Amino acid sequence: MEKEQKEFYERLEKKGVSRRAFMKYCTFVTATLGLSSSFVPKVAEVFAAPQKRPAVIWLHFGECTGCSEAMLRSTYPYPDDLVLEILSVEYHETIMAAAGQQAEDNLHAAVKKYKDKFVCIVEGAIPTKDNGIYGRSGGRTFLEIAQEVIPQAAAVIAIGNCATFGGIQAAKPNPGGYKGVSDVIPVQPVNLPGCPYNPINLIGTVVNYILMGKIPALDALGRPLFAYGKTIHDQCPRRSHFELGEFVTEFGSPEAALGYCLYEMGCKGPETYNNCPVAKYNDGTSWPVEAGHPCIGCSEPGFWDSMTPFFKPL
Amino acid sequence: MGNRIIVDPITRIEGHLRIEVEVEGGKVKNAWSSANMFRGIELILQGRDPRDAPLFTQRSCGVCTYVHYLASVRALEAAIGVRVPENARLIRNLLHGAQFQHDHIVHFYHLHALDWVDIVSALKADPKKTATLSENSNNAEWGGSAYFKGIQERLQTFVDSGQLGPINNAYWGHSAYKLPPEGNLMAAAHYIEALRLQSRTARMHALFGAKNPHLQSLVAGGVTCVRSLTADKLTEFLHLWKETQAFVENVYIPDLITVASFYKDWGAIGGATNFLAWGDLPQSDKEPESLFLPRGWIANRDFQNVRMPDQEKVTEHVVHAWYEDGSPKHPYQGETKPRPGDYETGGDMSTWKFAKPQTGKYSWFKAPRYEGEACEVGPLARVLVGYGLGKKEFKDVVDSTLKKLDIPATALFSTLGRTAARGLETLVIGTAMENWIMELVENVKNDDTKTYEPWEMPDNAMGHGLNDVARGALGHWIEIEDKKIKNYQMVVPSTWNLGPRCEGGKLGPVEEALIGTPIADPKRPLEILRTVHSFDPCIACGVHVIDPDSNQVYDIKVL
């Protein structure tokens with residue numbers, strides 16, 4: 001283990017990532033998970049040298065692939081670290097080299113080999129109307145694939161608002177009868193909603209799983225409390241402006257330039273549970289309120305209906 | 001106007017595509033492109049607040065994020081009649097430029113490369129020779145035999161683990177792979193470097209757009225990110241642009257030339273006939289005159305004769321799509337009702353053939369046509385239009401590339417030409433971005449931070465936005481009634497390129513392009529993937545190969 005870790009750090013340094021930067025990242029993941037700092041070395045161990053990489057089967061249903069793309073934006077670990085050294089991604093339509101029959105064979109072989117042991121990551125909603133004919137892959141409906149694969153997983157992680165709550169295609173009038181995973185298959189997935197979800201929260205969930213051997217504590221909607229325990233509003237850096245009654249009432253105005261509260265512009269932060277203000281996106285670069293745009297509530301069930309019109313104040 | 005159900009373009013783009021071809025004498029004789037998912041976003045939009053449309057339509061595609069957001073905001077602005085401030089135009093162009101860079105790099109290295117690069121062969125490469133190849137062919141900042149040895153060892157460790165994950169069971173060793181082991185190792189290393197680079201490239205979006213994928217800073221009238229016009233954010237953007245542009249110049253373009261030199265025969269395979277570009281990246285209020293990527297239409301490959309297209313001449317055909325029959329219609333009049341029953345008559349899709357359904361319908365895609373003709377859209381169309389119009393930016397890079405590869409201009413009409421055009425326009429757009437950043441800096445320096453123009457929602461209005469995005473010509477059409485969306489239509493790149501036959505039985509571009517493609521092994525139709533991927537459908541597609549000799553049916557999913 002020690003030797004492997006040493007090699008791991010050498011490899012990191014070759015890539016221009018210092019051990020210090022890596023430990024800083026592990027501290028960030030540990031903090032995101034809500035664990036004490038004594039867990040930092042253990043989190044580092046997860047990334048450094050798992051004995052056998054946990055098998056992941058990643059299913060795509062009704063979605064836009066934005067959640068896969070979000071995962072590819074991960075840094076520390078970079079996506080190649082995730083794929084080559086941390087996880088064993090047995091099936092993922094966007095990155096896998098195999099095609100057609102060979103791809104289908106991979107899926108079936110992986111489900112069989114890792115039955116009750118693999119992590120199933122689901123991206124996208126499942127069409128249920130007219131027996132699910134609105135979405136097919138490899139000649140089978142998404143519904144059939146979901147029914148076969150998902151119940152055989154050790155743990156299910158639903159990412160994005162589509163897999164968790166049905167997402168945009170489930171908005172009224174929901175032409176294809178789209179639903180989230182737990183509304184179709186009798187399992188309780190770890191739900192990581194968002195449009196897209198923040199990849200740091202998937203990494204946090206996976207680390208939790210590898211480290212503790214179990215899924216993290218969840219709220220009533222299946223969302224990990226480490227990420228979805230507080231509202232945007234409660235963590236918002238513009239909160240003091242709300243308390244002082246300092247509001248933006250027009251984009252591009254002096255108040256907007258001063259960074260006043262976006263409540264009057266329709267911000268859904270007070271009713272939205274997520275860690276955007278703290279974790280931010282793209283390596284901590286920014287998040288919607290920082291870019292002057294109200295929160296649209298994308299981690300809440302049915303937000304395409306319940307949070308719209310987006311620019312109407314709550 | 002009846003009950004309107006519109007094929008959701010996201011569905012079309014991100015839905016699973018099925019390609020069915022007929023092979024005879026080792027070549028594709030006939031082809032059908034069939035989209036396999038329906039989401040219905042345009043239908044979902046009806047009755048909603050028009051201001052919400054950009055946020056909804058952006059979810060059409062997360063790979064090609066931002067572009068529907070932009071297209072929708074533009075359609076809305078056209079309907080309400082508002083002009084955006086200079087800074088908003090510049091920021092939108094910069095975000096769009098970054099999207100082109102990001103999208104094309106990811107396509108070349110992560111979605112398309114494995115059609116040309118045999119990863120397993122890389123394990124046999126001599127790292128020293130690979131280092132020499134690399135030094136002679138590109139200006140990458142990394143290299144040397146120790147570097148390539150490290151990459152090879154990393155791959156070997158991965159293979160030895162027995163957990164092959166994403167590289168398991170592919171077409172490795174196929175006779176159509178032509179690169180020597182050293183070329184394959186170099187490409188494998190660049191695959192990894194590009195994977196890391198793209199996450200930094202995408203940060204350009206976060207700087208002015210909050211996050212990527214799915215930006216959140218555009219509104220009709222401008223942008224919301226007035227507080228991002230600061231020295232630190234501008235500098236960070238400039239730095240990320242520089243890093244990306246250096247990669248394009250020093251690695252992407254040289255790799256393109258290196259790989260292409262082994263596959264020159266693909267300069268005669270996979271071409272289409274007509275080309276359409278709406279153009280994009282406005283340099284002022286004037287459209288189409290000021291578009292950096294020019295607007296143009298080319299018929300019968302006559303690129304010396306670029307004509308100005310008119311959106312009035314766009315129609316969508318449904319005769320071969322799973323909708324109630326009707327005459328071809330312009331997007332404003334589009335009238336479609338899904339007939340999923342036809343889909344079911346296909347029965348078990350593992351043995352389903354196009355000929356079976358009585359109706360002749362075989363896709364969730366409608367077939368867009370310009371003046372009744374199928375048109376290829378995307379990088380090749382844009383480069384041909386720019387080249388045909390004699391625009392220097394395009395002419396220089398196209399001519400020098402043709403010279404380097406020693407191939408004629410007619411070789412552009414091919415799978416190779418399409419893939420090359422994508423790289424060349426990445427270079428051209430990236431080069432232009434520097435000026436836009438500096439213009440923005442200059443404005444901020446002069447205390448011009450205006451980013452938004454106020455407006456009022458009219459009771460009734462109609463408008464459209466014509467755009468050209470990574471995958472091609474994109475149009476959004478909106479009709480507003482009583483301040484609500486009455487109708488919304490999107491005609492997207494992948495329906496142009498991957499749509500089915502039209503009323504006259506004319507094939508869609510990818511169907512046409514596939515005909516004549518050599519197939520060495522019907523069980524491993526690598527060649528089909530090359531042409532289909534060259535259009536960058538960027539989705540999981542189903543390819544269905546029929547071998548009439550054995551009547552054997554193979555299901556091949558293009559990923």
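How many salt bridges are there between chain A and chain B? The count is 6, a salt bridge being a side-chain nitrogen of Lys or Arg within 4 Å of a carboxyl oxygen of Asp or Glu. One joins Glu85(A) to Arg154(B), with the closest N and O atoms 2.8 Å apart.

The model is predicted: local features need pLDDT of at least 70, side-chain atom pairs count only at pLDDT 80 or more, and totals for chains, interfaces and linings use all residues. Residues are numbered from 1 along each chain as its sequence is written, chains are lettered from A and ligands numbered from 1 in the order in which they are written, and side-chain values use heavy atoms, without hydrogens and water.

Contact means heavy atoms within 4.5 Å, and buried area is the accessible area (1.4 Å probe) that two parts lose on being put together, summed over both.

| Quantity, chain A with chain B | Value |
|---|---|
| Residues of chain A in contact | 88 residues |
| Residues of chain B in contact | 82 residues |
| Buried area | about 7,300 Å² |
| Share of buried area on carbon and sulfur atoms | 58% |

In chain A, the most area is lost to chain B by Arg73(A), Tyr134(A) and Arg136(A), together 9% of what that side buries.

In chain B, strand 12 (residues 472-481) and strand 13 (residues 484-491) run antiparallel and are joined by 7 bridges. Strands are DSSP runs (E, at least two residues), numbered from the N terminus; two strands pair if DSSP finds at least two bridges between them. Ile480(B) has Ile485(B) as its bridge partner in strand 13. The two strands form a hairpin with 2 residues between them, and Asp482(B) in the turn has a positive phi of about 55°. Of the 8 residues of strand 13 of chain B, 6 are buried (under 20% relative accessible area, 1.4 Å probe, protein chains only).

Conventions. Buried < 20%, exposed > 50% of the residue type's maximum accessible area, 1.4 Å probe, protein only. Helix = DSSP H or I, 4+ residues; strand = E, 2+ residues; numbered from the N terminus.
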